[in-house]
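Please open the structure in a viewer and keep the selection tool at hand.

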Amino acid sequence: MTTTYSGALTDVDGVRVGHASRVGDGFLTGTTVVLAPKGGAVTAVDVRGGGPGTRETDALDPRNLVRRIEAIVLTGGSAYGLDSASGVMGWLEEQGRGVPVDGPERVVPVVPAACVFDLGRGGDWRARPDAATGRAAVEAAAATRPRSPVPEGGVGAGTGALVGRVRGGVGTASTVLGSGVTVGALVVANAAGSALDPATGALYGEFFAGDGPVTYPSPALHAAAERRLAEAVAANGPAPLNTTLAVVATDVVLSRAQAQKVAGTAHDGIARAVRPVHLLNDGDTVFALATGARPLDTADPLALNEILAAGADLVTRAIVRAVRAAETVRGPGGTFLSYSDLYGSPAGAGPA
């Protein structure tokens, strides 16, 4: 039987993704849930930003008790939005999924979560994701079929995202290595830094994404885009705040220490696509999941290297996809221009 791949995090067998977006009536925000296979996955985290907003990440320390995680929550709403993890926790409890406590029928779901800052972008500072938003996202994930495509751009936790002066959002990518190992990544790109080379308008990540040649907008197109961006930024007010979040998943057996190495190395993928990165007002956080469906070659002490390299490459590619998939938003919270609106599709861009 031929396996169909969608080029998304969900190409890692058993991993599902669901979005819940809230738009209008002051909202421009949402939540994204990465749902592991039933029984959970070995999970780790690496936080590099100086202003993270997280929940239950200490549980992922390899020195601590919890070994497998059922779901990860990525959410808008800054620290307020972390409440969305409560809705995911409630759903998991109903499914009997979590850490068994006093017998298999009593579980405590440990749900790591991280947030991005998008407060006020829909017009109402108090319009944030809550437990109901988280529940809607996990239910959406559970309802998907295996290897389903993942919507990208301004959806879920990326609904109100900005990267520098342009729209950000959700992006995803995957690859199957020569060894047969599958690696996937999903990002929520909402960075204080920029994804654009200021001299040309080209996307930094395209220099490293490996999807094809770098697209250079024509000088005239870049100059026009700069004028439009300057007008929008002047009207919108203060520069956007943090953060880029990512989940890297693979189908091999990894220890928690190995998974933590994957999460740490994947930050290189953010640094290739966003400049500057890991600032004090960023909350850049990467999670790593290992489903354990296939063995890692334990006879080779460097077998993990290809997964480390792939994870970073896929994060870069996913950021490029997020920026290219995003759409312009005009509303009471401001006008947020998309890269595609400013520069067009790669086929329509001119030479440098």
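A nonpolar core is a set of buried Ala, Val, Leu, Ile, Met, Phe, Trp, Tyr and Cys residues joined through side-chain atoms within 4.5 Å; buried means under 20% relative accessible area, with a 1.4 Å probe and protein chains only. This is a predicted model, in which local features need pLDDT of at least 70 and side-chain atom pairs count only at pLDDT 80 or more, while totals for chains, interfaces and linings use all residues. Residues are numbered from 1 along each chain as its sequence is written, and side-chain values use heavy atoms, leaving out hydrogens and water.

Helices (H or I, at least four residues) and strands (E, at least two) are DSSP runs, numbered from the N terminus.

Next, select valine 248. Its contacts (heavy atoms within 4.5 Å) include Ala185, Val262 and Phe287, not counting residues up to four places away in sequence. Valine 248, in β13, is also the bridge partner of alanine 185.

Now display the strands. Five of them form an open sheet with mixed pairing, in the order β3-β14-β13-β12-β11; two strands pair if DSSP finds at least two bridges between them. β3 and β11 (169-176) stand at the edges, each with a single partner strand, so one side of each is left without a neighbour in the sheet.

Finally, select serine 78, in the loop between β5 (71-75) and α1 (84-94). Serine 78 is buried, with a relative accessible area of 18%.

Definitions and conventions: Buried < 20%, exposed > 50% of the residue type's maximum accessible area, 1.4 Å probe, protein only.
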